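Here is a short report for someone meeting this structure for the first time. Please have the sequence and the 3D view at hand.

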Amino acid sequence: MAVTTSLAGSQLWCHSLRGKHYGLTLSWEKQLKMAHICGGMCVGQAMRIWGNKNPKAVKIVMHVVDHHPMDGDVSHGLHKDLGSLPKPLSISDIVAASDSGAKVRISYQGIPGSYSEDAAVKAYPNCETVSCNDFEEAFKAVELWLADKVILPIENTSGGSIHRNYDLLLRHRLHIVGEVQLATNLSLLALPGVRTEHLKRVLSHSQALELSDSFLNKLGVARENVDDTAGAAQIIASKGLYDAGAIASIRAAEIYGLDVLAERIQDDSEIISRYLVLARDPIIPKADKLFKTSIVFTLDEGPGVLFKALAVFALRDINLTKIESRPQRNRPLRVVDDSNTGTAKYFDYLFYIDFEASMSEPRAQTALGHLQEIAPFLRVLGCYPMDTTI
C-alpha cells in the first residue's frame, strides 16, 4: 500500500492493531532525505523532517509492507497499558521543541518522584516527563519518537560509575547533548500524623538503605528493599502503611502526600549524582559556554598503547575528566601470539573518556584525528555544555 500525505500536522507513528509489525520506507520528494523505519524505530541517523524548505510544501510517500513478527521487537514491554502511551510527536511538536522556551518531553527510568525525574526538571524546568520501567525502555521512547530526550544516571560520588548504563551508550545511536549534576537529599517520609517512633520498618531502594545505614541503625527499624525510592513512597501512600517509612526525595513526598520526618539522612553529608541527557540529534557547540566531549574507543594489545592514546590529549593541553574501561561484551577475550608461551588470552576493553574541549576547537579535532591513527574503533558519543552547578 502506498500513501501520500502532507507533513503539516501529520504524525510519524505506526501501530498495528493486528499485532503485526510493519516496515515503512519514508522518502522525501525531490530526494531531500531518506530514512528507514522498522517496527517504529528509526535506523541510522534521525530524520530532520523540516529540512531546508517550507515543511508545508514537503510531502512524505509511505510504502507499507507487512512483515511477520520478529524476536527482539524494540517496542516490547514499553508501557504495558497501551492506553497510557503518550501521544507520538507531531510535526508541530517537533518544530516547537526547537524553540528555546518550548516544553520538551523527557523519558527516564522510574516513577514520578524519582531522582532521575528531579534531574530532568533541573535541566528542563518546563519539561514533560515520561516514566519508563527500565533504562532500555527510556532509550526506546526516544528512538520511537515518544520522547525528545532521555536522562540517564551515569555516576555518583558514593557508588561510582553505573556500568550497565555505559553499555547502553554504545548499544544505542543517541547523542549526548547535556549533563546534569544533582545533589542527593535522602529523606525519611511517612503518612501524615505518623511520628518517627511509630515506625517499625523502612522501605527504599537497596542503595538508599545502605547510604543511610547509621541513621537506620539508630532508628532500630527493619529494612525492606523495593525497586526504587519513589516506589517506596508510592507503596506507603497507596496501601496506607502507618508503621512504615520510606527513604525518598522531597518531591516524592509532595507527589504522594507524605510528611517529611527527616532530611539528609545519608551517612555522607554530600552525595552528587551525574546524569547524561541524550537525544536523536547532536547539538552544535557554542563559544559562549564550556563544553565537554565524550568518546569511546578500543586499542590493540601491546606495551604503551594506552599511554600513546592518552598522550594525544596531553600534547594539546586537553584536560581529561573521566576515564572508564569496560570489557567488550561481544568479544571479551583476545587471543594473541606470544613468543615465550605460545598463545595468550587478554581481556578486550572499551575505553570511555570525557575531556574538556569542544568538537569545534581545532585542538580537539587534531587530537581525535591522532587517536584514530592508533585506535581500531573510535566513536564520539556527544559534545555538550558542562554543568557547573550543584
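The model is a predicted one.

## The cavity

Rolling a probe the size of a water molecule over the atoms shows where empty space is left. The structure holds 1 cavity of 30 Å³ or more. The largest cavity contains about 60 Å³ of space.

Next comes an open space. The second largest pocket holds about 620 Å³. Its lining consists of 24 residues. Those nearest the centre of the pocket are Gln109, Pro153, His205, Gln207 and Tyr275.

Helix H2, strand E8, helix H5 (206-211) and strand E16 each supply at least two lining residues. The class count for this lining is 9 nonpolar, 11 polar and 4 charged residues. Which domains supply at least three residues each to this pocket? They are domain 1 (105-183 + 273-280) and domain 2 (187-262).

Now look at strand E6, residues 105-109. Of its 5 residues, 4 are buried, so strand E6 is largely enclosed by the rest of the structure.

Strand E6 pairs with strand E7 (residues 128-132) in the parallel sense, over 5 bridges. Strand E6 also runs parallel to strand E8 (residues 149-156), and 2 bridges join them. In E8, Ile106 stands opposite Lys149.

What do E6, helix H2 (residues 115-123) and E7 make together? They make a right-handed β-α-β unit.

## Strand E12 and its partners

Strand E12 spans residues 201-204 and pairs in the parallel sense with strand E13 (residues 222-225). There are 4 bridges between E12 and E13. Val202 stands opposite Arg223 in E13.

Strand E12 is also joined to strand E14 (residues 244-248) by 3 bridges, and these strands run parallel. Here Leu203 stands opposite Ala246 in E14.

| Strand | Partner strand | Bridges and sense |
|---|---|---|
| E6 | E7 (residues 128-132) | 5 bridges, parallel |
| E6 | E8 (residues 149-156) | 2 bridges, parallel |
| E12 (residues 201-204) | E13 (residues 222-225) | 4 bridges, parallel |
| E12 | E14 (residues 244-248) | 3 bridges, parallel |

## Positive phi angles

Most residues other than glycine have a negative phi. Two residues are worth a look on this point.

Trp145 has a phi near 65°, a positive value in a residue other than glycine. Trp145 sits in the loop between helix H3 (135-143) and E8. Is Trp145 buried or exposed? Trp145 is buried, because its relative accessible area is 7% and the cut-off for buried is under 20%.

Arg264 has a phi near 50°, again a positive value in a residue other than glycine. Arg264 lies in the loop between strand E15 (259-262) and E16. At 49% relative accessibility, Arg264 counts as partly exposed.

## Contacts across the sequence

Two residue pairs close the report.

Glu324 is part of strand E18 (residues 320-327). Glu324 is buried, with a relative accessible area of 11%. Glu324 and Leu350 are 26 residues apart in sequence. Their C-alpha atoms are 8.3 Å apart in space.

His175 is found in strand E10 (residues 175-184). His175 counts as buried, at 14% relative accessibility. How many residues apart in sequence are His175 and Ile283? They are 108 residues apart in sequence, and 8.5 Å apart in space, C-alpha to C-alpha.

Methods. Residues are numbered from 1 along each chain as its sequence is written. This is a predicted model: local features need pLDDT of at least 70, side-chain atom pairs count only at pLDDT 80 or more; totals for chains, interfaces and linings use all residues. Side-chain values use heavy atoms; hydrogens and water are left out. On a 1 Å grid over the protein atoms alone, a cavity is a set of points where a 1.4 Å probe fits but cannot get out, and a pocket is an open set with protein on both sides within 12 Å along at least five of seven lines; lining residues have an atom within 4 Å of a point. Grid points are joined across faces, edges and corners, and a volume is the space filled by probe spheres set on the points. Buried means under 20% relative accessible area, exposed over 50%, partly exposed in between (1.4 Å probe, protein chains only). Two strands pair if DSSP finds at least two bridges between them. A crossover is right-handed if, with the strands pointing away from the viewer, the path from the first strand over the helix to the second runs clockwise. Ala, Val, Leu, Ile, Met, Phe, Trp, Tyr, Cys and Pro count as nonpolar, Asp, Glu, Lys and Arg as charged, and the others, Gly among them, as polar. Domain bounds come from an automatic or database domain assignment.
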